[in-house]
Structure formats: C-alpha cells, structure tokens
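Try each task before reading its solution.

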Amino acid sequence: MSHLPQRPELKAWYKALNDYDYRANSPDAYHRALLDGAKALLSGGVIDWDQCEELKRLADSAHARAVLEAKAHLKRDPSA
C-alpha cells in the first residue's frame, strides 16, 4: 500500500501491526489478530482484495520477524 491509511479501521490495523510488545510477547496471537483484522477490513468494504493480500503479507512478514527475534532471544538467554 503506497498511501497512508485514512480510514480509522485501517489506521487501527497499522497500529496493531506496529505493536512491538504484542508481537514480542505473543507472536502467534498477534499474527492471527492481524489476519483476522485484514479479513474484517475486506468484508467491511474498507479495503479491496489486493489491499487485503498486501496486509496479509505485512502480517506474515512481521510474524516471521517476531519468531526469529524470539529464537535469537532464547539463544542469548536460554532460561527466558
């Protein structure tokens, strides 16, 4: 998405995407919430199919990053 989100619902989705604490503490729930949010935006007519696919790609990428960060943290501190 090359433009900044204008609708409050879309702004809320991006805010959730950038919620580092949620991503770090619960990567799977974070990912599921983003995917569900993208589907809700699509079904509510806020975004179109292509935009939904882009949001899902962003969610997948953020989830992958969160998993890698969690693995790196465990390597540094196995007792965590």
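**Exercise 1: What H4 packs against**

Task: find which helices the buried residues of H4 pack against.

Solution: The buried residues of H4 contact helix H1 (8–17), helix H2 (20–25) and helix H3 (27–43), where contact means heavy atoms within 4.5 Å. Helices here are DSSP runs (H or I, at least four residues), numbered from the N terminus. Next, list the residues involved: Cys52, Leu55, Ala59, Ala62, His63 and Ala66 are the buried ones in H4. Buried means under 20% relative accessible area, exposed over 50%, partly exposed in between (1.4 Å probe, protein chains only).

Before going on, note that this is a predicted model, in which local features need pLDDT of at least 70, side-chain atom pairs count only at pLDDT 80 or more, and totals for chains, interfaces and linings use all residues. Residues are numbered from 1 along each chain as its sequence is written, and side-chain values use heavy atoms, with hydrogens and water left out.

**Exercise 2: The span of H4**

Task: check the span of helix H4 (residues 49–76) against its 28 residues.

Solution: Start with the rule: the expected span is 1.5 Å times one less than the number of residues.

**Exercise 3: A ring pair**

Task: classify the pair formed by Trp13 and Tyr14.

Solution: Rings of Phe, Tyr and Trp (its six-membered ring) pair if their centres lie within 6.5 Å; planes under 30 degrees apart count as stacked, over 60 as edge-to-face and the rest as tilted. The count comes to two aromatic pairs. In one of them, Trp13 and Tyr14 lie 5.3 Å centre to centre with 80° between the planes, an edge-to-face pair. Trp13 is buried at 4% relative accessibility, and Tyr14 is buried at 16%.

Key: Helices (H or I, at least four residues) and strands (E, at least two) are DSSP runs, numbered from the N terminus.
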